[in-house]
Each structure stands twice: as structure tokens, then as C-alpha cells.
Amino acid sequence: MAQVSNDAMERKPKIKKDGVKPHIVTFIASIILTIIAFMATAYEVIPAGFTVPFIIILAIVQAAFQLLVWMHMDQKGHEFARVGIVTGSAVVLVTIIAFVTTLW
Amino acid sequence: MSDHTSHAPNRSGLWDWLTTVDHKKIGILYLIAGGFFFILGGVEAMLIRLQLIYPEAKFVAAGTFNELITMHGTTMIFLAVMPVIFGLMNAIVPLQIGARDVAFPFVNALGFWLAALGGLLLNTSWFLGGAPDVGWTAYATLSSNHKFSTLGTDFYVLGLQIAGLGTLIGGINFLVTIINMRAPGMTFMRMPLFTWSSFVTSALILFAFPALTVGLVFLMFDRIFGANFFNPDAGGNIVIWEHIFWIFGHPEVYILILPAFGIISEVVSTFSKKRLFGYSSMVFATILIGFLGFMVWAHHMFTTGLGPIANTLFGIATMLIAVPTGIKIFNWLLTLWGGHIRFTTANLFAVGFIPTFTIGGMTGVMLAVPPADYQYHDSYFVVAHFHYVIVGGLVFGLFAGLYYWWPKMFGKLLNETLGKWHFWTFFIGFHLTFFPQHFLGLMGMPRRVFTYLPGQNLEMGNLISSIGVIGMALGSIIFAINMVVAAKSKKAAGNDPWDARTLEWAIPSPAPEYNFAQTPLVRGLDALWTEKMAGNKGMTPAEPLGSIHMPSPSFLPFLMSLGLFVAGYGFIYAGQWGTYIVAIAGIAFTLLCMLLRSLYDDHGYHIEPDEIEEKGVKA
Amino acid sequence: MAADHAVNTVLPDEPEKATLEGKNKVLGFWLFLGGETVLFGTLFATFIALRDQVNGGPSAQELFDMKIVAWATFLLLTSSLTSVFATMALHKHNLKAVQGWLVITVLLGLGFLGLEIYEFYHYVHEELGMTTSAFSSSFYTLVGFHGGHVAFGICWITGLIIQSMKKGLTVVTAPKFYVAGLYWHFIDVVWVFIFTVVYLMGMIGGKAVA
């Protein structure tokens, strides 16, 4: 099942779309998002009530960046990876909502 | 072809079973472990019913009764039916999808040994100061505070932690097997229903068991390290345990029942000589049940006081599950309708399953109504409900599956006459035991009490219920005898004793270690039946006869599990005589085994075509 | 199945998915990460529920040193980037580069772990023990679980670097590198939520949520 075809012997690995650029962009984006989140809590630039949802959204954006670009979850052949992470996240979301709203 | 044309390692007897990575042998190991724990749980059940046979009986003490109900529930759910389900999944799923093996044979073996040794650890508590006595749900603070519970609860925590780990990796193994290892032409929408339900069950395991892991960690930290998760005095919250337990616990119910749905679908279709009615709606219903299974856990907590909105939402979500379940029940009935029905034992269990499970489902909908649930809660009505679902549903399904696939697993048919005796004694015994419990509950008998007073109209129901146990015990004994009779029988079952429809019946019984000499080409739903209808003798191969690569057996899965087993005792007796060293040593030993596994690549061995032909590839 | 067949031939483009074993490993690991999501999610949910229950002990606001957290975040984020570079080197079949980037990843991971150990040590001296309050229990358990994952990852990747010196880059070792990379990224993703939910929200104080 693991036969390497003959032409694979000749050719050099071709670098696909997987260039350095998107990864560096993700890194810079992560740094910026992190700094914004730290700033938003350190100096009360936005009203205190909005800070929590704001930084949580920043975290979700950053996580999505890293999952999709760094972990290649956006690429073909990752359908079940997506199903796995999305389903896991959905279970977590329901859990957190229940814990926040129904505990006494 | 390769520099590793080593031959099958010569291993036999116990050593073979301790080191096997063959999914069919692991399936048998699961059945043995499940059967052993089924006997333990069954004996516990008989003692419970003995104690409740008449008012103020004194067969067992109140404390012992608490241990019995806790261990009966825990053993039956985690250690008896789960292993039997995994046993059937192991034995059958790879065959149904035309695979030579599972995706991770080594992990598969590890999953078994963790589950078995975790169960053993839990049950050694009987001899080491008493079994857990806080109910199988182990609600805090009863379970989290040493003032209220014994060392038994530590056995519960560590035993389930280890067994749960095994189940989790077993689930991942089956997900990957079904996604990646299907034979050519075996598309998702051609997969037999048992494979489909195993797939969804494995997905539920993947997303439900980590919650249990976390819950047990909290409980362990509270008990051993003095953490405050469930300690209200220090700001802890006991409702968190209830939530976490049921976030795991309710999907667990579907983890149990879905494979039974799959088995019934196969059996009913085979013995009606008809294609399963509404195949795609069955698949859809299975997925939908799995999905909704995560949205309903709080219906176990209606009386906790979560508020009317939460109760309403969870109540409605629960009732919604009746829709896909109803689809399934009607599909089974319509499969039987107009079919050429053969009432073999497997089919008897399947046909017995349908009304019994429907009753369990109906009482489930009753319980889903929050205001009504305040009346039913913690009464025998609930006990009756979940036994109708788990015994009348799941256990009937498992018996159907065992009678159906026994020839594929062992090459011998179970005796049909004994089988019918088994069915009728078990079926009647079951209804005698649990039907009266509905009324006992409605009359106000609370569950988990070790006795009741005379003169409250509870005598008759309890007496009938206890008598019914005889039927179930008799049925189980007949089944055990049947296994021996089958083993001694000289008559081989042949490839396809039932004139069945799916791929596993295209190969010899029992299946050879490589399953398929040539990977089959699947050309339709009910792969074998498609070929039969086309006038072909067997499956069309998708590849020429060639050398087959097999994974080497390994002792490491057992050793890894043993490391955690020993570490479990270290934690249970934590702080007593410096036992942390035992815990650390056990975990270190397991990690060392993992390192060895990583360092030494398994090159496996090959079975050559001439060897395959010797064994006969008539199929 | 026959992973060993291809060992001596030239590597294909994506060596981690060249064999069925490799594909199985990558898929199985992704699914495992789905399970890990639930594991950490449950820990998060519990922390969110208990984070204001300080029981007279120190609260998050009194305790947290954001400078350490910022440095820890930076170290882990950078280590995630270097493990991306390792995976890219893997696709270029450059074993030396893979090993080099992974060594940097491990060193950054060790730096992170050192900061966390220092932080915990510091908090214990500030009278925040495991048994102090429900807040402390859930804090140490959540952050400690993450730290445990980092520690395991460091050992794992170190083991891979060492065994690759002898085994080289093959269709057997490639999936191991790839999967370890996924694991390391996932740890960083979890940390994003930890610094947000535990530390930043801790500095705001519990009143806004829960």
C-alpha cells in the first residue's frame, strides 16, 4: 500500500501553496491580537462591560487563525479534522453556557 | 518484496492472548471480560432483589445494600455491556467494511487491557475495605468528602479513570478504521447499519469520555489533595459534578443503545430476507440521535433547581429524540412487513426488542416532562424506565447480535432449541422483574432504599419483581450452557449460515487472521447480497492475490495497562505510607513502555500467497 | 500497511501521509484533539464557574503578574511558529532543519515551563495553595493540566529529535514529527484561551461574567 511510484523517485518535492508567508502573517496577527487584548484590559479604552466579550472574540479569532493556517485545517483532506474540532467546540460551548447560566 | 519476510511469530496459549493485536481475538477477550463482569453484576442484582423480596428483610445490611447497588450499576454499564459492545465491534466492524485490520491494532489491544484492568481494580475494592457505596452516579458531596464515603469511592474514581481511558482510545481506533480502512466501493452510504452505529457510538465516546475524565480528576483532587471543587464551605459547587457527570452520562446512554439499534437492523433485515426499509433515514436517525444526545443531559437534573427555562429547553430537546427513534422503530416494523421471516433466536431477540424498547422509550418521554418528572424522580419508575431501555433494549440487542455473529466469531452455531429456551425465560423473567416496578414507583417507592415497610401495597409488586429475576438468571445459565454445547459441537457453521447480506459472511467462519485473502470490491448496499443477486458465488476481488502484511503481537499494551493499574493503588492509598512513590513508579513504567513502542518500529510480518492458498481461499 | 517498504526509497511530497499508517495516525490524532477540546473545555467551564470563589484567600486581581504572563505567551506563540517551520522543513525533506527548528521549539517550551513553575511557586508563597479556595483548585487544575501537556510535549519532541538522528527522515518518522507539531500548536491554541479567560478576565474581575 505504500508503493512509491517511479516518477516520485526522480522529482524533487514541489513546495505547494504552503509558503512561509501565511505562517508569518498568522504569527504577526497573533502578536497584534494578543497585544490588543492585553491593552484592552490594562487601560480601560472600551467600557468595562464590553471588555470580556471583546477579548474573547479576539481569542477565538486568534485560535481560528492558528488552527486554519498553522495546523492546515483549511486544506483538503481535513474534513474530519474540522468535524472533530467543531463538534468538540460545540460541546464545550453548550457546557460553558450551562455552567454560566444554571449554577446556583 | 521486503527485508522482513519473517513468519508469523509462534505464540500459543496464554502468551498468545496476552500479546495479541488481532482484532478478532481482542473481540473475544472483550466478550470474556464483559461476560465475567456480567456475572458479577448479575449476582449483585440478585442479592438486591433478594433483599427486597418482602418488607423489612434482613438478607444484607443497609450499608452492603448501598455497595451492591453502586457496584451493580457501575459494573453493568462500564464493565459488562461496554466490553460486550466493543467485543462485537471488534469482531465484526472490520469484516463489514472489507478491512484486513483495524487502524491501530496496538492501540486496540491497549484499549482492551486498560478497560479490563480498570474494571479489575474497581472490583478489588470488595476485598480491600469495601466497595464504593455512593451510587453509580457518585454525587458530591457524598462522594467527595471522606466523612461520607469510604476508600471504596477512590477505587471507583481510579478504576473508572483507567477503564475510561481504554474506552476513549478504543473509540478513536474505530473512528479512524471506519473512515480510512473501507474496501474499494464501500462508500459511507453503503456501510451496514451496525458499522454506522459503531461509527456514531465511537464519535460519542470521543466527545463524552473526556468530560468524565475531568470529572473524575476533580473528584480525585478533592478526595486526595484536598481541593475544593465540590466543597461548598470553600466556595465549591456540587452542581458542577452533576453537570459533568451527565454531560458524559447521557451521551453514554446513546453510546450503549446505538450499537443495539445497529444489530437489530442487521438481524431484522437478514431474517426477513429484505433490504432494510428506509436505509438512509436509518443513517440519518442514528446521526441525529447522536447529535441530540449531547443536548439533553440536564433532564437527569430537573429537580436540581436549574430554573424553568433550562428545564423547558432540556425537556423539549429530550422529547425531540423520540422522533428519530420513532423513525427507527417504524423502519424495523416495515422491514419485517411482508418479509420472509425466520424466527431464529437472533430474530426472536430482535422482535422482542422492538416492543420492549418502545415501552422504555415511552416512559422516557413521560420523564422528559419536567413537572411530571418531579413526581417520578428517584422512584422505581425511573428504575423501570432505564432497565427497559438498557436490558430490554441493549441486552436483548446484544443477545441478538451474539446469536447472529457467534458462527462468524467461533465457527460454530449456537444451538437453536437452547436459544429459544434462553429467549423465553429471559424475556418473561425480564418483564416480570421490571414491569411491576413502574407501578411501585408511581405508588411512591423510592429507588436505592434497602427495604420498605409492610402495609403500603408494595409487597406484591416487589415479590413479583424478585421472582422475575429467576427467569433472567435461568436464561443466562441456558446461554452459558449453549456456549459449551456449541463449542463441543462438531458441525461447522460454514461461511454464510443465515443466507445473509453483508460482507462479513463472504469469508470463512471464523475469519482467518488476515480477514480477506483479497480485498473485495463492493458494488452496492448489502455487498454480499448484491453479488448473490447478480448470480456470483462470492465477492469480486479488488486486487490480485499477494503478500499480506500483518502487525506483530506485543506484550507492551498489557504492561502499559499494568503500570497504570499499579499507579491506581498508589493514588487510592495516597498519603498512607508514602504510596505516591508507587503512583509515580507505575506512571513512569507506563511512559517507559510508550517510549519503547516509539523507539522500536514494528515491521510486522508477511503472509505469503502460497500460505494463504494452503489455508484455502475458496471464498 | 507496509510502511517499511518505502523506507529506502525517496520520500514523497507529504511523507506524513504517504502510507496508510501515516494517514491513520494524522486522522486519529486530529480526532484525539477533538476529544482534548472537550477535556479543556470542561476545565474552562468549571474555572469560569468557580473563579470568584476565593474563600478569603487571594483573588486573581491581587495575585496575577501580567508581565510573566505576557512573556510566557510570547514564548509559547513563538515556539508554535518554530514548529510550523519544522513541519515546512519536513515537507522539504530537510532533516537538519526539522531537528534545528524543533530544538528551538523545545527550548522555548522549556522557557515557558520555567516561567510557569516560577509563577506557581510565587503564588504558593502568596498563600494560594491547592486547598485555599475553589478558585485556587480550579486555577491550578486548569493551568496545571496545560503545563502538564507542555511538559509531555517537550519530552515527546525531544524523544523524536533523538530517534530521528538514528532513523533519519522516513515515511515512518515523518508522521511522528507531523503529529507532534499538531500537538504543539494545539497547546498554544489552548494557551490563547487561558491567557484570555484566566489572566485577562481575572484582571478585569469576576463581576462582568458569571
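Tutor: In chain B, helix α6 (residues 193-224) packs with helix α8 (residues 279-292) at an angle of about 15 degrees, their axes being 10 Å apart. Helices here are DSSP runs of H or I with at least four residues, strands are runs of E with at least two, and both are numbered from the N terminus. Axes are lines fitted to C-alpha atoms, for helices over the stretch in contact, and angles between N-to-C directions run from 0 to 180 degrees. This is a predicted model, in which local features need pLDDT of at least 70 and side-chain atom pairs count only at pLDDT 80 or more, while totals for chains, interfaces and linings use all residues. Residues are numbered from 1 along each chain as its sequence is written, and chains are lettered from A and ligands numbered from 1 in the order written.

α6(B) and α8(B) are therefore roughly parallel to each other (an angle under 35 degrees; over 145 is roughly antiparallel, 65 to 115 roughly perpendicular, the rest oblique). The crossing of α6(B) past α8(B) is right-handed, that is, the near helix is turned clockwise from the far one by less than a right angle. On the α6(B) side the contact involves Leu193(B), Trp196(B), Ser197(B), Val200(B), Ala203(B) and Leu204(B); α8(B) contributes Met282(B), Val283(B), Thr286(B), Ile287(B) and Gly290(B). Two residues are in contact if their C-beta atoms, placed from the backbone, lie within 7 Å. By class, this contact has eight nonpolar, three polar and no charged residues (Ala, Val, Leu, Ile, Met, Phe, Trp, Tyr, Cys and Pro are nonpolar, Asp, Glu, Lys and Arg charged, the others, Gly among them, polar).

Chain B also touches chain C, with 34 residues from chain B and 35 from chain C. On the chain C side, α1 (20-50) and α5 (134-167) each supply at least two residues, and α1(C) has the largest share, 17 residues. That side divides into 16 nonpolar, 16 polar and three charged residues.

Chain C itself has six helices and zero strands. Of its 210 residues, 60% count as buried (20 or more other C-beta atoms within 10 Å of the residue's own; 12 or fewer is exposed, in between partly exposed). The C-alpha trace of chain C spans about 65 × 30 × 25 Å along its principal axes.

Chain C touches chain A too, with 51 residues from chain C and 45 from chain A. α4(A) gives the most to the chain A side, 13 residues, and that side has 29 nonpolar, 14 polar and two charged residues.
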